[in-house]
Amino acid sequence: MEEEKEAVMVTPGEVLGRTSDVKAGRGAYAALHNNTVYASLTGFRHTVPPAPDSSDLRPTVEVTGHKAHGPVPQPGSVVIARVTKVMARSASADIMCVGPKSVREKFTGIIRQQDVRATEIDKVDMHLSFHPGDIVRALVLSLGDARAYFLSTAKNELGVVSAESIAGATMVPVSWTEMQCPLTGQIEQRKVAKAAS
Amino acid sequence: METDRPDGRTPNQLRPLAYSCSILHRAHGSASWAQGETKVLAAVYGPKAGTKKNENPEKASIEVIWKPKTGQIGKMEKEYEMILKRTLESICIRTIYPNTTTSVIVQVVHDDGALLPCAINAACAALVDAGIPLKHLAVAICCSVTDSGCIILDPTKDEEERSLQVGSEPMENGIMTSVTQGAMSVNDYLHCLERGRAACASLSEFVRKNIGTKSTSEPSKAG
């Protein structure tokens with residue numbers, strides 16, 4: 001099944017098909033009470049054929065070319081955050097990016113002591129893992145509460161990606177737990193993210 | 001039954017409609033909606049982090065702030081906020097981003113009757129402009145029963161004041177919200193619904209045509 005040649009303009013509430021014939025993709029939703037797929041955004045209707053190895057042979061219908069709202073952190077998404085406060089059992093951070101997109105609104109995250117690293121979680125010293133101003137790559141664990149999302153850095157590729165030394169220079173990672181100031185040569189403790197090869 | 005209206009309209013005739021979107025650059029979505037001399041500006045901010053007050057781990061929250069043209073917010077404005085909040089909550093798909101809040105600010109520019117329907121239309125258009133996922137569009141209309149028992153659509157401020165009964169029905173494949181002021185018979189109410197439904201069909205066509213062309217002719221606001 002080929003993708004539609006001419007995109008059809010749709011607005012929210014317009015019928016895109018039956019759930020027996022198509023799957024709801026981005027910008028569409030399936031109403032269970034009448035088994036119909038409707039548009040939820042304004043844009044152009046596109047039909048994407050199913051993957052060759054997929055067991056579900058229904059094509060996916062989606063609405064593209066619309067104005068999108070700013071990205072929102074969701075459980076499982078990787079975010080870039082700036083550490084704002086470090087306490088004995090947790091650190092607070094302001095989420096700046098969700099995946100490759102920068103957020104429009106301020107979202108706050110909390111990195112708890114048990115979520116800093118995967119091993120020896122009871123021996124983690126928060127003050128030797130993060131400092132205010134550090135830029136960290138973290139995984140969103142859950143929605144947390146109204147105040148913050150729960151973040152985790154318990155993977156090799158997660159942790160501090162950029163940090164400033166006391167001298168004001170951007171430090172370079174020397175090991176998974178240390179970063180060094182290029183000006184003074186001073187080594188500082190951090191939970192360093194493994195650089196992408 | 002025909003009636004003479006001060007502006008020369010027939011009982012079923014709506015005032016000229018005007019709509020424009022993306023007029024505020026700092027808002028995530030915005031729209032202005034005018035019906036005759038009644039004009040409302042709506043701005044949408046969000047989805048943003050939920051507040052303790054609106055905390056809901058299963059659904060997103062809609063927050064409506066009504067700004068009157070002059071003076072402080074009163075009882076009437078609080079009621080409008082509540083009606084608007086409930087109406088918008090029923091058209092938004094709130095399960096996508098739980099524990100977030102979307103703020104809708106409604107600024108009254110000028111009130112010459114049928115203010116609440118105008119605000120609903122503006123808010124709905126602003127949500128579309130912000131890219132908030134909606135189940136469907138909502139359109140609103142105002143019906144008024146005159147002293148002589150004639151039903152008129154889209155009344156002006158003078159007509160609203162002269163007729164005691166006013167009904168406002170936003171509807172899309174059925175009624176979502178119905179607000180009545182004053183006393184009216186069941187028959188009058190049903191006649192209002194009939195007239196309103198017919199007017200909403202043409203209003204819905206106008207909304208879809210304009211929202212469609214204006215939303216896609218502008219660059220994406222994706223973050």
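Q: What should I know about the numbering and the cut-offs here?
A: Residues are numbered from 1 along each chain as its sequence is written, and chains are lettered from A in the order in which they are written. Because the model is predicted, local features need pLDDT of at least 70 and side-chain atom pairs count only at pLDDT 80 or more, while totals for chains use all residues; side-chain values use heavy atoms, without hydrogens and water.

Q: How do strands of a sheet pair, and in what order do the four strands of the open sheet in chain A run?
A: Strands pair through backbone hydrogen bonds, either parallel or antiparallel. Strands here are DSSP runs of E with at least two residues, helices runs of H or I with at least four, numbered from the N terminus; two strands pair if DSSP finds at least two bridges between them. In chain A the order is E1-E6-E7-E3, with mixed pairing. Strands E1 (8-10) and E3 (23-24) of chain A each have a single partner strand, so one side of each lacks a neighbour in the sheet.

Q: How many bridges join E1(A) and E6(A)?
A: Three, in the antiparallel sense, with E6(A) spanning residues 43-48. A:Val8 has A:Arg45 in E6(A) as its bridge partner.

Q: Which elements does chain B have, and how much of chain B is buried?
A: Chain B holds four helices and nine strands, in the order β-β-β-β-α-β-α-β-β-α-β-β-α from the N terminus. Buried means under 20% relative accessible area (1.4 Å probe, protein chains only), and 54% of the 223 residues in chain B are buried.

Key:
Buried < 20%, exposed > 50% of the residue type's maximum accessible area, 1.4 Å probe, protein only.
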